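Reader: Hi, thanks for making time for this one. Could you walk me through the side chains, starting wherever you like?

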Number of protein chains: 2
Amino acid sequence: MIHYNREDIDSLDKVSRLNLINSVTGFKPANLIGTISDQKQENLAIFSSLVHLGSKPPLLGLVTRPNSVPRHTYTNIIESKFYTINHINDNIIERAHMTSAKFNRDESEFEKCSLEKEYIDSFHVPYVKESECKIGMKFVEEIKIRSNDTILIVGEIINIMIKQDSVAEDGSLDFEKLNSVCISGLDTYYKAQKIVKYPYAKKKNIPTKWLR
Amino acid sequence: MIHYNREDIDSLDKVSRLNLINSVTGFKPANLIGTISDQKQENLAIFSSLVHLGSKPPLLGLVTRPNSVPRHTYTNIIESKFYTINHINDNIIERAHMTSAKFNRDESEFEKCSLEKEYIDSFHVPYVKESECKIGMKFVEEIKIRSNDTILIVGEIINIMIKQDSVAEDGSLDFEKLNSVCISGLDTYYKAQKIVKYPYAKKKNIPTKWLR
């Protein structure tokens, strides 16, 4: 085993530290967050920090970095109170990755990164047309994480649009059919293959061969 | 596209709603959280809600559900102030999954689910021996998410232990070499294959064929 203690971590060069700490949590979801400003300027940004908070009501959290530099996604969510979440699939990885380049606020990543915006029904924030799982979100609250001044944006799900035939009978999504990808660290994209699905865990179902 | 509005979601049967909302964020990391109580009772629990918060200092967040029922992991972290995070690899998926069964506080999931505990150096919380990426954590703060009474546990990384040869030159982890798996929803495990790694995104590197 390679062993890093805290001193080793803190004394790594910046790039190595970023790569190590950003990958150490394991696989991360790959989503594009669509937003719009009060001036109707559209924005699109890749995020790997989406996390499930609850199902009733359906709440999701999104971690965003401090506002020491302009954060168009954060600013737009606070302004408009709505945003979209769009799964990244293996057809749009490179375009999705490029949304993390530094664009000015009057530049739309939809246009610059060649992703098509899509307005659906009366929802006034753009979705990503190429995405096969899209979620319409309403802002609920922002929570400041004092330890490092990051912000947890809490939102509730208003709409979900999913490609036909990719919802299983039990309600769960089939990520192979959606071609959804995941991220490790800051820059590496993975495709995933289903290995196994287990029933709800119950003590009485523990294999007897495990008992010591 | 299948379209669910909020009314559709809220009127789904409980299992379908849980499966849909738990899978809609995309792939999730698969980790085992090791803890110990003041009475030295060890505990191990699977979590898919680990999220990166920052690299300097190295901070990670873990979402845990309300304390309406006993939550051994939460209680132990608050008592002892330390915990471990252990990547789930494809050799221990079933055993890791079974840690989510309801065990009493005096039962150790290490023993019941046939996973080997491992104490390393002076860290007084057990790691999972079978895991090939293990993190020693110190509790920093807990943040209540008022919207649904979940809790975000913020911790800082004290130690990282990783299998030899699975750290790339740039510091990032190679999840193929670690055999790390990811989760969708509550019960489905995926193995992932690397597709592509892109350099840091810069506007000047956008392919000219994209320009409209």
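Author: Happy to. Let's begin with F175(A), which is buried, with a relative accessible area of 1%. Keep in mind that this is a predicted model.

Reader: Is F27(B) buried or exposed?

Author: F27(B) counts as buried, because its relative accessibility is 1% and the cut-off for buried is under 20%.

Reader: Got it. How many aromatic pairs are there over all chains?

Author: A search of the whole structure gives 12. One of them is formed by F175(A) and F27(B), an edge-to-face pair with 4.6 Å centre to centre and 65° between the planes. That pair crosses between chains: F175(A) sits in helix α6 of chain A, and F27(B) sits in the loop between α2 and β2 of chain B.

Reader: Nice. Switching to charges, how many salt bridges are there over all chains?

Author: The count comes to 32. One of them links E107(A) and K203(B), at 2.9 Å from N to O. It crosses between chains, from the loop between α4 and α5 of chain A to the segment after β13 of chain B.

Reader: What does D187(B) meet in a salt bridge?

Author: The partner of D187(B) is K197(A), at 3.5 Å from N to O. This pair crosses between chains too, with D187(B) in the loop between β12 and β13 of chain B and K197(A) in strand β13 of chain A. D187(B) is buried at 12% relative accessible area, and K197(A) is partly exposed at 41%.

Reader: Which residue does K191(B) form a salt bridge with?

Author: With D90(B), where the closest N and O atoms are 2.8 Å apart. K191(B) lies in strand β13 and D90(B) in the loop between β7 and α4, so the pair ties together parts of chain B that are 101 residues apart in sequence. There is also a network in which salt bridges that share partners join R6(A), D10(A) and E156(B).

Reader: Which residues gather in a patch of positive charge on the surface?

Author: The patch brings together K14(A), R65(A), K102(A), K56(B), K202(B) and K204(B). Of these, K204(B) is in the segment after β13 of chain B and counts as exposed, at 69% relative accessibility.

Reader: Last topic, the backbone. Where is there a cis peptide bond in chain A?

Author: The bond from K56(A) to P57(A) is cis, with omega near 0°, and P57(A) is in the loop between β5 and β6 of chain A. In chain B, a cis peptide bond joins K56(B) and P57(B). P57(B) is in the loop between β5 and β6 of chain B.

Technical notes: Residues are numbered from 1 along each chain as its sequence is written. Chains are lettered from A and ligands numbered from 1 in the order in which they are written. This is a predicted model: local features need pLDDT of at least 70, side-chain atom pairs count only at pLDDT 80 or more; totals for chains, interfaces and linings use all residues. Side-chain values use heavy atoms; hydrogens and water are left out. Patches are made of residues with over 30% relative accessible area and no salt bridge: like charges are joined within 9 Å, nonpolar side chains (Val, Leu, Ile, Met, Phe, Trp, Tyr) within 5 Å. Accessible areas come from the Shrake-Rupley method with a 1.4 Å probe; for residues, only the protein chains shown count as cover. A salt bridge is a side-chain nitrogen of Lys or Arg within 4 Å of a carboxyl oxygen of Asp or Glu. Lys and Arg count as positive and Asp and Glu as negative; His and the chain ends are not counted. The place of a charge is taken as NZ of Lys, CZ of Arg, CG of Asp or CD of Glu. Helices (H or I, at least four residues) and strands (E, at least two) are DSSP runs, numbered from the N terminus. Buried means under 20% relative accessible area, exposed over 50%, partly exposed in between (1.4 Å probe, protein chains only). Rings of Phe, Tyr and Trp (its six-membered ring) pair if their centres lie within 6.5 Å; planes under 30 degrees apart count as stacked, over 60 as edge-to-face and the rest as tilted.
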